[in-house]
Amino acid sequence: MIAYDIVDPNQFGGIRQQSTEDAGLYLTHLVCTGWARGLKTSIIAFDMSQFFPSINHDALMAILQKQGFRPLVVNFFVGRSRSYTWNTFVSDLRLADVGVGQGSALSPVLCALFIAPIMKLFKLRAIRLGSTLLSYVDDGTAVTQSKSIDDNNAVLKQAYAILFVLFAALGLVLEHDKTELFHFDRSHSNHNPPLDLGYAPYTDDRLLTPKTNWRYLGFYFDRKLLFTEHVQYYATKSLSTVQAMGTLGNSARGLPPLEKRLLYRACVLPIAMYGFRLWFFEGAKNKTAFKILTQMQRKAALWITGAFRTSPTGGTEALAGLIPVHLHLRKLADRANLRIATLSDTHPIQSLLSEDYAKQARGSPLLCIKHGTCSAGQSPWYHHGD
């Protein structure tokens with residue numbers, strides 16, 4: 001799909017080599033690049049109602065045929081049927097001409113192919129608006145940038161109307177109750193205007209109110225991209241896990257220290273480090289984040305070694321065989337940089353690099369629209385450098 005440019009580069013879900021962290025990193029980069037150009041970024045996040053069960057097989061086959069798949073692949077969805085089982089009861093076979101299995105390994109791929117025409121049509125119709133579309137399976141995000149948040153709201157209202165028409169044409173319904181509005185703004189202004197979306201329940205009498213903290217793909221964004229809420233949430237979650245592990249052993253009985261350390265590194269540390277690429281980069285002010293994570297790891301080191309509460313943090317970490325948090329983050333960042341070399345030539349993360357390393361990746365259409373350039377390497381900001 002990637003080699004033949006079937007799927008839009010901004011579709012991050014259900015595609016090889018793309019993850020939630022890539023989507024979060026790309027969005028964060030887009031916001032910071034806008035700030036460097038004096039622009040404010042606003043987003044409207046939407047969700048589709050019953051997305052997997054609502055995919056029409058006739059529409060899916062037409063899309064696959066248009067995309068150039070062989071008839072053998074297209075005809076796989078012809079005449080599908082299913083039966084229902086309840087204890088010993090088995091129903092008759094019934095025609096299944098809609099829906100894909102949400103737990104199936106093939107479903108994310110089919111969904112990416114199904115949404116691909118919508119993303120391409122939106123790019124054509126919204127080019128005059130200055131809006132771009134990011135998608136992770138059924139979680140979509142329309143992004144726009146301008147000098148004024150009020151201007152962003154006007155653009156987002158028109159972009160949402162275009163999306164509503166495109167999804168309705170394929171038999172999909174946007175779930176307005178789950179629609180979210182968020183404005184990124186690092187100024188000292190408290191201006192955070194709501195939006196008259198034009199669809200119930202967000203009409204003249206009830207506006208879509210923007211959030212002060214926005215949860216997207218497990219990341220907790222704040223308006224200034226400080227990520228204090230994000231780090232606090234995952235550090236607290238990790239600390240709760242460490243405290244719960246206290247029932248598995250102490251200094252007298254239970255698991256030995258070696259297995260405690262293995263349990264911490266395998267089950268707790270990945271939780272605490274989730275999304276670190278969004279806030280850990282050269283020049284970032286992350287002293288508060290380090291302090292929170294260090295306190296969490298200190299608790300884990302005390303549990304592993306069985307040391308006293310007053311023991312020094314560095315000593316207990318050394319006895320437990322744990323790398324200090326800032327060094328562990330640096331190691332993970334270096335590995336993330338090495339991963340970039342393995343990505344496809346058109347991967348959106350490649351467009352965050354300088355022009356010499358961007359390969360065939362295209363810059364964000366939003367930046368192309370606003371500033372007349374599609375070349376990579378125009379951004380003054382990138383995590384960990386290139």
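Q: Hi! Starting with Arg 277: is it buried or exposed?
A: Buried: Arg 277 has a relative accessible area of 6%, and that is under the 20% cut-off for the term. Keep in mind that this is a predicted model, and the values are computed from it.

Q: Okay, which residue forms a salt bridge with Arg 277?
A: That would be Asp 22, where the closest N and O atoms of the pair are 3.3 Å apart. The two sit in distant parts of the chain, with Asp 22 in helix H1 and Arg 277 in helix H9 (residues 276-279), 255 residues apart.

Q: And why does Asp 22 count as buried?
A: Because its relative accessibility is 0%, and buried means under 20%.

Q: Which Arg in helix H12 pairs with Asp 22?
A: Arg 339, which forms a salt bridge with Asp 22. The closest N and O atoms there are 2.8 Å apart. This pair also links distant parts of the chain, since helix H12 (residues 325-340) holds Arg 339 and helix H1 holds Asp 22, 317 residues apart. Arg 339 is partly exposed, with a relative accessible area of 25%.

Q: Which residues are linked in that network of salt bridges?
A: Glu 21, Asp 22, Arg 277 and Arg 339.

Q: How many salt bridges does the structure hold?
A: Eight. Another one joins Arg 223 to Asp 185, with the closest N and O atoms 3.9 Å apart. Arg 223 lies in the loop between strand E10 (219-222) and helix H6 (228-245), and Asp 185 is in the loop between strand E8 (180-184) and strand E9 (213-216), so the pair ties together parts that are 38 residues apart in sequence. Both Arg 223 and Asp 185 are buried.

Q: Staying with helix H1, where is Leu 30, and is it buried or exposed?
A: Leu 30 belongs to helix H1 (residues 20-36). It is buried, with a relative accessible area of 1%.

Q: Switching to the nonpolar side: how many residues has the largest nonpolar core?
A: It has 53 residues, and those with the most contacts inside it are Phe 184, Trp 214, Phe 221, Tyr 264, Trp 279 and Leu 293. Apart from it lies another core, of 47 residues, including Phe 51, Ala 59, Leu 156 and Leu 166. As background, nonpolar side chains tend to be buried together in soluble globular proteins.

Q: What is Leu 293 in contact with, leaving aside neighbours within four places in sequence?
A: Leu 293 is in contact with Val 231, Ala 235, Ala 272, Met 273, Trp 279, Val 325 and Leu 329.

Q: Ser 91 then: which loop is it in, and what does its side chain reach?
A: Ser 91 is in the loop between strand E4 (89-90) and strand E5 (94-95). Its side chain reaches the backbone nitrogen of Tyr 84 at 2.7 Å. Not counting residues up to four places away in sequence, Ser 91 touches Ser 83 and Tyr 84. Ser 91 counts as buried, at 14% relative accessibility.

Q: Last one: how many helices and strands, and what share of the residues count as buried?
A: There are 13 helices and ten strands, and 48% of the 386 residues count as buried. The accessible surface comes to about 19300 Å², with 56% of it belonging to carbon and sulfur atoms. Among contacts between residues at least 6 apart in sequence, 69% join residues at least 24 apart.

Key. Residues numbered from 1 in each chain as written. Predicted model: local features only at pLDDT ≥ 70, side-chain atom pairs only at ≥ 80, totals over all residues. Heavy atoms only, no water. Helix = DSSP H or I, 4+ residues; strand = E, 2+ residues; numbered from the N terminus. Buried < 20%, exposed > 50% of the residue type's maximum accessible area, 1.4 Å probe, protein only. Polar contact = N/O pair within 3.5 Å; in protein donor to acceptor, adjacent residues only side chain to side chain. Contact = heavy atoms within 4.5 Å. Areas by Shrake-Rupley, 256 points an atom, 1.4 Å probe, with all protein chains shown as cover. Core = buried A, V, L, I, M, F, W, Y, C linked by side-chain atoms within 4.5 Å. Salt bridge = Lys/Arg side-chain N within 4 Å of Asp/Glu carboxyl O.
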